[in-house]
Amino acid sequence: MIKLNQLFIEALPVIRKLEAAGYEAYFVGGAVRDFLLNREIHDVDIATSATPLEIKEIFSSTVDVGIEHGTILVLYKGQSFEVTTFRSESNYVDYRRPGTVTFIRSLEEDLKRRDFTINAIALSGDGQLIDPFKGQEALESKLIQTVGNPADRFEEDALRLMRAIRFVSQLGFKVEDNTMQELFHKAPLLQHIAIERITAEMVKLLSGAYNHQALAIALKTNIYKYWPSLYHNQATIQTALTLPIQQLNEVELWVLAVYLHKSKDIKNDLSKWKLPSKKIKLITTMYHFLLWRLENDWTSYSLYSAGFKIACSVEKIFTTIHKLNDTDRRLKKLKLEYEKLKIHERSEMQVNGTELAQWLNREPGPWIKNMLEEIEQMILDSRLQNEKMEIRKWVQSCQIPSEKN
Ligand code: ATP
Ligand code: MG
C-alpha cells in the first residue's frame, strides 16, 4: 500500500463519491508516474467507470471540457479535477487521434489504450497500484516502452513519437529497444500530425533536464526531419549536441537554434512552429542581444537595455556557445553589475518629456525622445547625476539644433 501525497488526498473525496455511487475510480496518468518517481506532481487525473452523464449526476458543479472524449471537469470544494470515463479508442484515422471513443467499464482496457507503460499505472483511493503492463518495472529500469506493439501504437497516433522523446528529456530514461526501432521506422508518420501538437511536445522536450539525450534520439531516428524548421536541420542539432545545452531553458534553446541555423528570417522560422507571437518577439530580442554580446562585453547601457532577465539568458547562451564552464560566476557578476546601474528603467529618471519642454520653452516634438535617450545614456555612464537640478543644468546648457518640420 502506498501513502498518498497531499494532492491525491485533496482529490480523494471525488474518488470516494464516485465509489459511493457504485462506480470505480482511480488516479491515473502523469501524476501517478511522477509520484512513484518522487517527482513533483501537478494536475491529478481521475479515471472512472461512470459515463460523463453519470459523473454529472453525482457532482453538482461540473464543466464539459471534453465531453466527447469523456472528460468532465469536476469542481469540488474550491478545486477542479479532470475526471475521464474509462474508454477504448479505435478507428484511428490518418495516424491521428482516434475517430471513435467508446466508453467502457474496464480499467484494464482503459490502461491498455495509454501510450507508455510508465503512463499506464492506476492508483486506487486505498493506495493500491493497478499495473497490468509492468509500468513500475519500467520506472525502475528507467525505460520508455509502449503499451503493446510499438509499431501499431505509433501508427494509431504518431504524436506518441514526440511524446516518447519528450519523456526522455523530462525523465532521463532510455527508450526500450523495440520502441526505439519503431521511432525510426514510424518517424515519417509525424507528417500527419498537427504542428500545434508537435510544438506542445517540443516545448516540453526543450524544457527537460535531459534535452541533450532527447535531441540525440531525434537525430538518430530522423524524427527531426519532420519538424518544421530550425532543429529540423541535421547540422544544427549536431552542433547543439557538442555544446552544454543542458543549462539552457526552452526559450534559450530556440535562440540557440536561430543562431546555429544562421536563420535568415527568424520570424518566419519561428512562426512555422506556431509559437505564440509574444514568445517569438522575446526570442528575436534575445537573439539580437546575443549577436551583440558575441562581439562586445556588457556595458551599463546594454545591460540596462536588455534588462536583467534577458541579459542572464544571453550570457548563458554565450557561455554555452563558447563551452565555458563558469556560468554561475558570470551570472553573479552580471547581477552585481546590474544592481550597480544608476537606473533600471526609464521611470527612474528624474526628468520627463514635459519637464524638458517647459525648461527649454519649446514645443514638444521628436527632439524630446532623442534628448531623453541622451540623458539616459549619460546617467548610465555616470556622466550626469540622476538628479533633477543637475539634469536641468545640463539641459539648459545644451545648444539644441532647431528642428525642421
Ligand atoms: P504531463 O506530466 O506532461 O502532464 P502526462 O503523462 O500526464 O504528462 P498528458 O498529456 O497529461 O501527459 O496525458 C495524461 C495521460 O493520458 C498520459 O499519462 C497517458 O496515460 C495518456 N495519454 C496522453 N496522450 C496520449 C496519447 N497520445 N496516446 C495514448 N495515451 C495518451
Ligand atoms: Mg498530465
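Helices α18 and α19 pack with their axes 10 Å apart, at an angle of about 105°. This is a predicted model, in which local features need pLDDT of at least 70, side-chain atom pairs count only at pLDDT 80 or more, and totals for chains, interfaces and linings use all residues. Residues are numbered from 1 along each chain as its sequence is written, and side-chain values use heavy atoms, with hydrogens and water left out. Helices (H or I, at least four residues) and strands (E, at least two) are DSSP runs, numbered from the N terminus.

**Helix pair α18 and α19**

- The two helices α18 and α19 are roughly perpendicular to each other; angles of 65 to 115 degrees count as such, those under 35 as roughly parallel, those over 145 as roughly antiparallel, and the rest as oblique.
- Axes are lines fitted to C-alpha atoms, for helices over the stretch in contact, and the angles run from 0 to 180 degrees between N-to-C directions.
- On the α18 side, G353, L356, A357 and L360 meet W367, I368, M371, L372 and I375 of α19, where contact means heavy atoms within 4.5 Å.
- The residues of this contact between α18 and α19 comprise eight nonpolar, one polar and no charged; Ala, Val, Leu, Ile, Met, Phe, Trp, Tyr, Cys and Pro count as nonpolar, Asp, Glu, Lys and Arg as charged, and the others, Gly among them, as polar.

**Helix pair α7 and α8**

- Helix α7 (residues 159–171) packs against helix α8 (residues 177–186) at an angle of about 135°, and their axes are 10 Å apart.
- That angle makes α7 oblique to α8.
- In the contact, L161, A164 and I165 of α7 meet E182, L183 and K186 of α8.
- By class, the contact of α7 with α8 holds four nonpolar, no polar and two charged residues.

**Nonpolar cores**

- The largest nonpolar core has 121 residues, and F27, W227, Y231, L256 and I375 are those with the most contacts inside it.
- A second, separate core has ten residues, including Y26, L111, A120 and A122.
- Such a core is a set of buried Ala, Val, Leu, Ile, Met, Phe, Trp, Tyr and Cys residues joined through side-chain atoms within 4.5 Å.
- Buried means under 20% relative accessible area, exposed over 50%, and partly exposed in between (1.4 Å probe, protein chains only).
- In soluble globular proteins, nonpolar side chains tend to be buried together.
- Leaving aside residues up to four places away in sequence, Y231 touches several residues, among them M202, L206, T236, W254 and L256.

- T236 belongs to helix α11 and is buried, with a relative accessible area of 2%.
- Beyond residues up to four places away in sequence, T236 touches L230, Y231, A257, L260 and H261.
- S49 lies in the loop between β2 (45–48) and α3 (52–58) and counts as buried at 6% relative accessibility.
- Apart from neighbours within four places in sequence, S49 is in contact with Y23, E24, E54, T85, F86, I104 and R105.
- The C-alpha atoms of S49 and I280 are separated by 43 Å, and these residues are 231 residues apart along the chain.

**Positive phi values**

- Most residues other than glycine have a negative phi.
- N222, which is not a glycine, has a positive phi of about 70°; N222 is in the loop between α10 (211–220) and α11 (234–241) and is partly exposed, with a relative accessible area of 21%.
- N361 likewise has a positive phi, near 55°; N361 is found in the loop between α18 (353–360) and α19 (366–380) and is exposed, with a relative accessible area of 70%.

Terms used: Chains lettered and ligands numbered in written order.
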